[in-house]
Amino acid sequence: MTAITTTAVEAARAGGRVPKPSSVKVIVDQHFNSKVYTSGSSISGHALVKTSKDVHFDHFDIIFSGIAATRLDFVQQYPAHSFRPFMKLRMPLDGSSLPDNQVFVAGKTYRIPFHFVVPHQLTLGACNHQCSSPAVRDHHLRLPPTVGFWEADDQAPEMAHIEYSIKARAYRHALEPGAAPIKLMESQHVLKVLPSLPEDAPLDITFRDERYVMSKSKTIRKNLFSTKAGKLTATATQPNAIMLSADGHKASGSVVRINLRFAAISADNTPPRINSMSAKLATHTFFGAAPTDLMPNLGSRATYTPNPSLSYTTNNNLFTHRFTEKVEWHRHNSTGRRDSGYSSLGLVDEDQSETEGQRVSDQSGKKCPILRSAILEVPFSIPMNNRKLFLPTFHSCLISRTYTLHVNISLGPANASISLAIPLQIGVEAVHEPPAAELPSFESAVAELHQPDGGNRVDVRTLHFLHRSDYSDSLLPDYDEVNRRTEQLAH
């Protein structure tokens with residue numbers, strides 16, 4: 001995958017002119033090409049400046065920046081480029097590391113140190129556009145992962161990139177008032193960031209969310225020309241999130257759980273045999289030219305929005321599980337009420353053809369279905385190799401990543417199938433680094449007060465513990481009791 005670096009972007013803006021090799025270099029301590037940084041990671045290093053001639057400068061900056069870039073092809077006559085900086089941390093520089101007269105002397109080497117910490121959250125200014133709900137803005141204020149700069153295929157299109165880098169730049173004031181500063185030298189070091197993203201609550205899927213199918217029913221027949229034996233309904237629950245390690249090299253597993261319900265026409269009709277269950281994982285990358293104000297994976301596909309998002313999808317086969325043993329079915333007492341033909345999610349069942357006589361007989365209670373239920377559970381994991389990379393689920397202003405688990409259940413002698421589309425979340429585990437100097441516990445602080453020299457440092461009038469006998473559980477203290485305690489504190 002071709003990486004679109006910020007330097008190349010700025011060169012394109014300048015009319016294709018590539019800047020000359022700079023006299024500054026960004027060096028990150030203990031860094032290697034495959035190193036991954038996460039929320040809370042420390043990034044230390046220095047900018048090395050060495051020029052071949054004296055360079056007078058007015059400002060020198062070292063910043064840790066994040067930028068999202070998209071390109072829309074085949075949408076209009078000319079490709080549309082969008083660049084949105086979402087993070088810009090400036091390092092406060094010590095004046096002793098810079099020359100006093102603001103001149104980099106030719107042949108002299110200057111070493112300017114820096115230290116950054118990958119934040120856990122973006123500032124409020126990172127998302128300043130209108131959002132359809134607070135939940136959308138909350139997602140936009142989370143750090144997105146690096147997109148497009150990995151050794152493996154992160155399953156994102158070349159038209160969507162998210163870049164983190166450390167830049168060192170020297171400027172000079174413009175000669176004309178109001179003009180942009182003159183850039184004297186610049187260098188950048190691109191980093192891979194995989195921020196910690198916790199597991200969110202399951203999505204509230206309704207019939208309006210066309211990309212997901214959580215429940216589906218199918219009419220069961222013994223053969224093609226026989227009468228109906230009953231109706232089988234498969235309902236999925238959203239699986240637990242797949243949690244990546246902070247470096248992206250490991251991933252936890254999860255479980256597909258499908259609830260089956262078979263409503264038989266008569267006691268002679270048994271549930272169909274469950275032959276197998278297979279699953280594939282669809283990776284969706286949404287991107288647009290302008291910030292989106294909603295979750296692109298929810299709602300109708302044809303909903304009009306002023307800032308539409310394009311989508312790029314890849315598929316990966318996960319498993320094919322064959323049930324060698326019969327599935328255990330449990331019979332339930334009939335309530336005398338026929339199923340309405342609608343699932344709990346508002347999805348119409350696959351087959352609702354019935355005669356008027358059948359409907360009347362069912363309503364009268366003379367012919368009620370016999371209900372049986374079963375549960376299918378199949379553990380699964382995502383492939384972890386050097387060829388493909390699964391980024392965490394995230395939603396930023398320009399780019400989003402979601403996953404859909406497509407499950408297919410094969411049943412009966414004719415291998416009839418029921419297909420479901422289930423949302424799957426991928427998160428990143430948080431790394432808890434103990435601080436250099438931890439705060440004392442409450443017990444240790446109280447014990448310190450009772451030491452012989454504790455009274456010299458703490459005024460006992462500022463700390464007073466009431467014994468249980470000093471107050472009543474049911475009544476407030478009266479005025480005399482309050483006065484008595486006040487006098488005790490005064491002495």
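Asn 259 stands opposite Ile 375 in strand β18. Strand β14 (residues 254–264) and β18 (residues 370–380) run antiparallel and are joined by 11 bridges. Strands here are DSSP runs of E of at least two residues, and helices are runs of H or I of at least four residues, numbered from the N terminus. Two strands pair if DSSP finds at least two bridges between them.

The model is predicted: local features need pLDDT of at least 70, side-chain atom pairs count only at pLDDT 80 or more, and totals for chains, interfaces and linings use all residues. Residues are numbered from 1 along each chain as its sequence is written, and side-chain values use heavy atoms, with hydrogens and water left out.

**Strand pairing**

- Strands β14 and β18 belong to an open sheet of five strands with antiparallel pairing, in the order β11-β12-β14-β18-β17.
- At the edges of this sheet stand β11 (215–221) and β17 (330–332), each of which pairs on one side only.
- Neighbouring strands of the sheet are turned by 25 degrees against each other on average, direction ignored; axes are lines fitted to C-alpha atoms (for helices over the stretch in contact), and angles run from 0 to 180 degrees between N-to-C directions.
- Elsewhere, strand β9 (residues 160–172) pairs with β10 in the antiparallel sense over nine bridges, and within this pairing Ile 166 has His 189 in β10 as its bridge partner.
- Strand β10 (residues 182–193) also runs parallel to strand β2 (residues 36–37), to which two bridges join it; here Lys 192 in β10 stands opposite Val 36.

**Aromatic pairs**

- Nine aromatic pairs occur in the structure; rings of Phe, Tyr and Trp (its six-membered ring) pair if their centres lie within 6.5 Å, and planes under 30 degrees apart count as stacked, over 60 as edge-to-face and the rest as tilted.
- The ring centres of Phe 60 and Phe 104 are 5.9 Å apart and the planes are at 75 degrees, so this pair is edge-to-face.
- Because Phe 60 lies in strand β5 (residues 59–72) and Phe 104 in strand β7 (residues 103–104), the pair ties together parts that are 44 residues apart in sequence.
- Phe 60 and Phe 104 are both buried, where buried means under 20% relative accessible area, exposed over 50% and partly exposed in between (1.4 Å probe, protein chains only).
- Phe 64 and Phe 116 form a tilted pair, with 5.7 Å from centre to centre and 50 degrees between the planes.
- This pair links Phe 64 in strand β5 to Phe 116 in strand β8 (residues 109–117), 52 residues apart.
- Phe 64 is buried at a relative accessible area of 0%, and Phe 116 counts as buried at 4%.
- Phe 64 and Phe 116 are members of a cluster linked by ring pairs, together with Phe 86, Phe 114 and Tyr 164.

**Cavities**

- Three cavities of 30 Å³ or more are found; a cavity is a set of points on a 1 Å grid over the protein atoms alone where a 1.4 Å probe fits but cannot get out, and lining residues have an atom within 4 Å of a point.
- The second largest cavity holds about 70 Å³ of space, a volume being the space filled by probe spheres set on the points.
- Its lining includes Ala 68, Arg 84, Phe 86, His 140, Ile 162 and Cys 397.
- Eight nonpolar, two polar and one charged residue make up the lining of the second largest cavity; Ala, Val, Leu, Ile, Met, Phe, Trp, Tyr, Cys and Pro count as nonpolar, Asp, Glu, Lys and Arg as charged, and the others, Gly among them, as polar.

Terms used. 1 Å grid on protein atoms, 1.4 Å probe; cavity = no way out; pocket = protein on both sides within 12 Å on 5 of 7 lines; lining within 4 Å.
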